[in-house]
Amino acid sequence: MAECGDIVVLGGGPAGLAAALAAARDGATVTLIESAGHVGGLCRTLSGDGCRFDLGGHIPFIHDVARVAWAEQLMDSPMRWIDRPVARVQHGRIVPGRYIDQMPQAPDDRVPDDGTAAGELGSRIGAGFRDHVVRPYVEKVDGWPLEVISADRSRKLRDEQQAPEGFWYPEGGIGALMDAMADGITRHGGDVRLGTPVTALSHENGRVTGITVGGDHPGTLTAPSIICAINPVALVDAASPPAPHGLLVPITMRAVTLVYLVADREQLTDEAWIQVADRRVPFSRIAEFRHWDPGLVPDGRTVLCAEVYGDATEDDPWWPLDDEALAQAVRDSLVDPLGWADDASGFRTLTVIRMPRAYPLVEAHRVDEVTRAPRWLMSLEGIELARGGTVMTAIAAGEAAVAGVTAGAR
Ligand SMILES: Cc1cc2nc3c(=O)[nH]c(=O)nc-3n(C[C@H](O)[C@H](O)[C@H](O)COP(=O)(O)OP(=O)(O)OC[C@H]3O[C@@H](n4cnc5c(N)ncnc54)[C@H](O)[C@@H]3O)c2cc1C
């Protein structure tokens, strides 16, 4: 067993990076364990064909000035204010604002909030407006009727991902913020171990006793406090001795395929990010990166990322297509039905990235059942959970986990 200082953080996405950074800044001895060869998790900026682009559109959704100052100090560069709200397609036109933010003039058919997204949305905007404006988009993204999706999902979509006036964005892409957090950890004496997968969690008498890791430096690590910023269900699955029977239940995972196209033209649209509810269009959102940061893409060129949501099964309308066929379907849709381009042939495929298990979906009636495993994990002494559904909630969760550890140590 190797003693690893005060805190071991599992996972180097935004939650784990924020936890390790906060702990290192507090003077704790920190080790961050990350299975991949890079930090950032889902928040990465990639490159190809002389262009840079995020792994899917990634607005950090920062809503307070203190957080902007935090990011600027960390990156030693100003955040960019992008005065383009997320847009949507309505009646064949691109208009500002997300579907879920639209409010009727006077809803007269409100329905009770019954724990489903249908009830939650209907209680706010009325059943008619919900069905006409919001339902087609949310159901296209999540693939389930609103009556199955949990109220928590629609509430979070609305509250955590709003950018009604525009948004703050790190110069150089979302990955620049992640890299700056990793640099901050090492500057404050922390140890960031890449290529190091967590393979087991040992526990005894209700307390975590060790974390087993593989990779280049296999072994078992111990520390007074562990912060779990990886999928808690995977960690419960890796418990030794095994976690109590019945905790691990099947969870539906939604797939996202990112289709990147490049064209030798200044721009396709005026928008940073557009939501598309029309089911004839493979993608639900499309980002145009030069509107996020013109430095990401050389002049005279534009890069698009079409986010195709679905299920990684043969029954899905888009997933079974091979990469080039899917990219062609995306290209064609820019011409018809969207009408944004006259000719699809100018858009080359830059890359296609498939994420078969991009995010979990929980049916409204199964929320209690699927949260049993994380709750058991949290019942163990010596471990805190840090997870978030967005970049900023993940960062806040990482910081809160460190505050929890510190409070527990008092
Ligand atoms: C297509 C797409 C678009 C998105 N757009 C936005 C957006 O616009 N705005 C927004 O705020 N959010 C967005 N998100 C969500 C955002 O990316 C996540 O909420 C955020 O990354 C969660 O951070 P995390 O640290 O909890 O998890 P992750 O980013 O998933 O990081 C987890 C880390 O743990 C590591 N790990 C996993 N298992 C192990 C193991 N066994 N051992 C060691 N390490 C392990 C992983 O390699 C990873 O680095 C988007 C997500 C997707 C997929």
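Predicted model: local features only at pLDDT ≥ 70, side-chain atom pairs only at ≥ 80, totals over all residues.
Angles under 35 degrees count as roughly parallel, over 145 as roughly antiparallel, 65 to 115 as roughly perpendicular and the rest as oblique. Residue numbers start from 1 along each chain, following the sequence as written.

**Domains**
- The protein is divided into domain 1 (2-43 + 173-249 + 367-409), domain 2 (99-160) and domain 3 (251-361); these bounds come from an automatic or database domain assignment.
- Between the C-alpha centres of domain 1 and domain 2 there are 34 Å.
- Four residues from domain 1 and four residues from domain 2 make the contact, where two residues are in contact if their C-beta atoms, placed from the backbone, lie within 7 Å.
- On the side of domain 1 that touches domain 2, one residue is nonpolar, three are polar and none is charged. Here Ala, Val, Leu, Ile, Met, Phe, Trp, Tyr, Cys and Pro count as nonpolar, Asp, Glu, Lys and Arg as charged, and the others, Gly among them, as polar.

**Ligand surroundings**
- There are 34 residues around the ligand, and G11, G13, G41, G56 and T390 come nearest; a residue is near a molecule or strand if its C-beta atom, placed from the backbone, lies within 6 Å of it.
- Helix 1 (14-25) and helix 11 (391-409) are the elements that give two or more residues to this shell. Helices (H or I, at least four residues) and strands (E, at least two) are DSSP runs, numbered from the N terminus.
- Sorted by class, the shell holds 19 nonpolar, twelve polar and three charged residues.
- The ligand lies between domain 1 and domain 3 because both give residues to the shell around it.

**Helix 3 against helix 5**
- The axes of helix 3 (residues 117-125) and helix 5 (residues 151-160) come within 6 Å and cross at roughly 50 degrees. Axes are lines fitted to C-alpha atoms, for helices over the stretch in contact, and angles run from 0 to 180 degrees between N-to-C directions.
- Helix 3 and helix 5 are therefore oblique to each other.
- Helix 3 brings A117, G119, E120 and L121 to the contact, and helix 5 brings A151, R153, S154 and R155.
- By class, the residues of this helix contact are three nonpolar, two polar and three charged.

- You will find A277 in the loop between strand 17 (273-275) and strand 18 (285-288).
- A277 is partly exposed because 19 other C-beta atoms lie within 10 Å. A residue is buried if 20 or more other C-beta atoms lie within 10 Å of its own, exposed if 12 or fewer, and partly exposed in between, with C-beta atoms placed from the backbone.
- Leaving out residues up to four places away in sequence, A277 touches V89, Y99, P136, Y137 and K140.
- A277 and V138 are 139 residues apart along the chain, and their C-alpha atoms are separated by 8.0 Å.
- V89 sits in strand 7 and counts as buried, with 20 C-beta neighbours inside 10 Å.
- Apart from neighbours within four places in sequence, V89 is in contact with I94, I274, V276, A277 and D278.
- V89 and V276 are 187 residues apart in sequence, yet 5.5 Å apart in space, C-alpha to C-alpha.

**V308**
- V308 belongs to strand 19 (residues 302-310) and counts as buried, with 26 C-beta neighbours inside 10 Å.
- Beyond four places in sequence, the contacts of V308 are V256, T257, V259, P282, F283, W318 and L326.

**Backbone points to check**
- Most residues other than glycine have a negative phi, and most peptide bonds are trans.
- The peptide bond from S240 to P241 is cis, with omega near 0 degrees, and P241 lies in the loop between strand 15 (239-240) and strand 16 (252-263).
- D336 and P337 are also joined by a cis peptide bond, with omega about 20 degrees; P337 is in the loop between helix 8 (323-335) and strand 20 (347-361).
- H91, which is not a glycine, has a positive phi of about 50 degrees, and H91 is exposed, with 5 other C-beta atoms within 10 Å.
- N205 has a positive phi near 50 degrees and is a residue other than glycine; N205 counts as exposed, with 7 C-beta neighbours inside 10 Å.
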